[in-house]
Amino acid sequence: METRIDMKALIIDGYVDEPACLGVPPYISPYPRYIAGALRERGLSEKDIHYLTIDTLRENPPGAGELTGKADLVVIIAGMTVPGKYLRASPITPREIETIFRTAHGAKVIGGPIRLGFSDEGGRAAKGTEDRIKLSGAVLARMDLEAFVYDLFKDGISGVSPAKLRDPEAVEHRFRTTAEIGRWGPRGAFLVRQHPDYPYCMCELETYRGCGRQVHCSFCTEPFYGASDYRPIEDVISEASALYSHGARYFRIGRQPDLFSYHGTDTGGPVPRPNPEAIERLYRGIRNSAPELSVLHMDNANPITLAAYPEESEQILKTIIKYHTAGDVAAFGMESADRAVIEANSLKATSEEVFEAIKLVNRLGAVQGANGLPEILPGINFVHGLMGESKKTFQLNYDFLKHVLDSGLLLRRINIRQVMAFPGTPMYGKDEAARKHKKLFLDYKERVRKTIDLPMLRRVVPEGTVLRDVICEVHEKGVTFGRQLGSYPLLVGVPASLPLRKFTDITITGHGMRSITGIPYPLLINTASPNLIRELPGLGRKAADSIIAGVPYIDREDFLRRVNEGDKFLRFVEI
């Protein structure tokens with residue numbers, strides 16, 4: 001029988017966004033689940049562990065504030081080490097952290113990537129993070145937050161003394177082990193039910209973290225975790241199974257720098273040899289333990305791994321396509337096509353090697369899948385402001401993308417950002433190029449969006465493509481915005497007010513630089529608004545007016561008889 005302990009813990013998710021981990025809604029990162037699992041192992045019951053996102057707290061300040069004040073332990077997870085734009089979520093701010101801790105009367109702990117520092121509006125890491133947190137009476141976990149919380153209660157929940165909480169040196173700051181999260185992940189899986197998007201939230205799964213390279217990319221924070229620390233395959237499967245038992249149906253194997261290197265073999269060179277058998281066991285195990293999952297996607301892949309080991313990488317791609325769900329993205333950290341920048345920053349792959357990796361993924365993954373998107377496509381990440389950058393860098397990057405486009409290859413996502421330089425990285429204090437080339441960066445980014453992204457998007461999802469299971473998320477000025485749940489989903493705008501948190505199929509009717517417009521599929525022609533009818537693919541203004549004037553139609557035959565070239569539109573509508 002479980003021992004009941006009269007203590008309540010509150011986990012506040014301020015969101016994380018790292019090179020190898022996403023925890024912004026609709027995603028939930030592993031960190032809150034690990035913390036909940038650690039508390040469960042220390043004796044807290046599930047009903048005494050509460051979870052709030054910062055957005056939930058903002059929406060209901062009185063109720064959330066009351067919970068914050070009554071909790072015996074308040075834990076905040078926070079930290080954005082890569083910049084991002086989010087549809088309906090906003091990361092916690094330093095002022096909000098201070099406000100929450102002022103209202104909290106119990107133990108106060110904060111951690112996550114924020115241990116590396118706050119970031120200012122220019123994307124640079126600000127100093128004094130720990131000092132600011134100490135002023136609010138909280139403790140900053142300088143290594144792993146989940147390990148700190150676990151060790152805080154090493155004598156059991158009832159063994160915590162106020163003096164111990166006030167002294168940050170009383171608790172060891174350390175990294176957790178793979179064995180620990182192997183226990184905490186499944187035990188903390190229940191927390192997913194408290195996520196505001198549940199059951200429509202993406203569970204980020206970790207396979208390993210850290211980097212095994214001897215020399216690291218100048219800006220990356222992943223090496224702070226040490227060498228690659230692979231989780232046992234059975235542990236990842238067990239965590240996915242536990243989440244599934246609690247109603248989770250959307251998964252991304254995202255918390256790793258390179259999925260293709262999971263349990264890879266160290267050959268003494270800069271690139272581990274991929275282990276296709278390990279990936280096959282992982283995917284097969286997840287599928288068997290979560291048989292009716294809705295999404296199984298991946299995130300990061302190192303293009304040099306695919307270029308250096310094409311045969312093993314091809315096997316892995318075939319495994320992914322066999323077990324995953326369509327619309328998957330292998331995000332490549334290319335960073336730059338400029339050899340001078342590559343060498344100055346110890347980057348991984350040349351533009352020629354990245355191009356070979358793009359071709360490999362396209363050859364196997366470009367076929368359209370069941371949800372309307374290609375099975376799996378590469379994404380490309382560029383980082384600007386790195387050491388050695390010149391005006392020539394921008395042209396070289398653009399020329400590379402133009403070469404991909406002209407070669408008929410597909411890219412699902414082109415991410416262009418300026419570097420965020422954190423203490424402890426070689427880039428720290430050397431990001432003057434980001435400021436020097438600011439206008440050039442913005443002009444170049446706009447050029448890529450117009451001349452590369454737009455035609456590429458039209459190629460990936462042509463007009464008339466039907467996207468399945470788009471969840472409606474936001475209303476804005478008469479337009480409903482939604483996305484498929486998945487890795488780097490396309491933003492879809494529908495010129496109508498559709499019910500939020502509901503799934504609908506969408507016919508694509510137009511393209512922006514990074515988003516698309518569409519209409520419900522099939523369109524109920526007799527009840528659809530004129531605005532939606534006018535969006536039918538290939539429909540001119542006069543033909544649209546004629547169809548609108550003819551409403552209602554008795555049946556399909558009536559529609560075909562009365563609408564000129566009605567067979568062109570019949571596949572998109574329902575009478």
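Guide: Let us begin with a term: a residue is called buried when its relative accessible area is under 20%, and exposed when that area is over 50%. Please keep in mind throughout that this is a predicted model. With those cut-offs, the face of helix H19 turned away from its buried side carries the exposed residues Arg541, Lys542 and Ala549.

Visitor: Which residues of helix H19 are buried?

Guide: Helix H19 runs over residues 541-550, and its buried residues are Ala544, Ile547 and Gly550. Viewed down the axis of H19, the buried residues fall within an arc of 130 degrees, so they line one face of the helix. As for their partners, the buried residues of H19 pack against helix H18 (530-533), helix H20 (556-562) and helix H21 (567-570).

Visitor: How should I read the chain as a whole?

Guide: One starts from the inventory of elements, which here comprises 21 helices and 23 strands. The radius of gyration of the chain is 25 Å, close to the 25 Å given by the globule rule for 575 residues, so the chain is as compact as a globular protein of that length. Its C-alpha trace spans about 85 × 55 × 45 Å along the principal axes, and buried residues make up 58% of the 575 residues. Among contacts between residues at least 6 apart in sequence, 75% join residues at least 24 apart.

Visitor: Which residues have the most contacts inside the largest nonpolar core?

Guide: The general idea is that in soluble globular proteins nonpolar side chains tend to be buried together. In this model the largest nonpolar core has 130 residues, and those with the most contacts inside it are Leu73, Phe251 and Phe400. Leaving aside neighbours within four places in sequence, Leu73 is in contact with a set of residues that includes Met7, Leu39, Val109, Val149 and Phe153. A second, separate core has 30 residues, among them Ile97, Ile114, Ile471 and Leu485.

Visitor: How many aromatic pairs are found, and how do I read one?

Guide: A search of the whole structure finds 9 aromatic pairs, and each is read from the distance between ring centres together with the angle between ring planes. For Tyr150 and Trp184 the centres are 4.8 Å apart and the planes are at 50 degrees, so the pair is tilted. Tyr150 lies in helix H6 (residues 145-152) and Trp184 in helix H8 (residues 178-187), so this pair ties together parts that are 34 residues apart in sequence. Tyr150 and Trp184 are both buried.

Phe394 and Tyr444, by contrast in geometry, form an edge-to-face pair, with 5.1 Å from centre to centre and 75 degrees between the planes. Since Phe394 lies in helix H15 (residues 391-406) and Tyr444 in helix H17 (residues 438-460), the pair ties together parts that are 50 residues apart in sequence. Phe394 and Tyr444 are likewise buried. Ring pairs also link Tyr200, Tyr250 and Phe503 into a cluster.

Visitor: Which charged residues sit over a ring?

Guide: The charged end of Arg255 sits over the ring of Tyr225, at 5.2 Å from its centre, while Arg447 lies over the face of Tyr398, at 3.6 Å from the ring centre.

Visitor: Is Ser29 buried or exposed?

Guide: Ser29 is buried, with a relative accessible area of 0%, and it lies in the loop between strand S3 (27-28) and helix H1 (30-41). Not counting residues up to four places away in sequence, Ser29 touches Val16, Cys21, Leu22, Gly23 and Glu204.

Notes
Residues are numbered from 1 along each chain as its sequence is written. This is a predicted model: local features need pLDDT of at least 70, side-chain atom pairs count only at pLDDT 80 or more; totals for chains, interfaces and linings use all residues. Side-chain values use heavy atoms; hydrogens and water are left out. Rings of Phe, Tyr and Trp (its six-membered ring) pair if their centres lie within 6.5 Å; planes under 30 degrees apart count as stacked, over 60 as edge-to-face and the rest as tilted. Helices (H or I, at least four residues) and strands (E, at least two) are DSSP runs, numbered from the N terminus. Buried means under 20% relative accessible area, exposed over 50%, partly exposed in between (1.4 Å probe, protein chains only). A charge sits over a ring if NZ of Lys or CZ of Arg is within 6 Å of the ring centre and within 35 degrees of the ring normal. A nonpolar core is a set of buried Ala, Val, Leu, Ile, Met, Phe, Trp, Tyr and Cys residues joined through side-chain atoms within 4.5 Å. Contact means heavy atoms within 4.5 Å. The arc is that of the directions from the helix axis to the C-beta atoms. The radius of gyration is taken over C-alpha atoms; the globule rule is 2.2 Å times the number of residues to the power 0.38.
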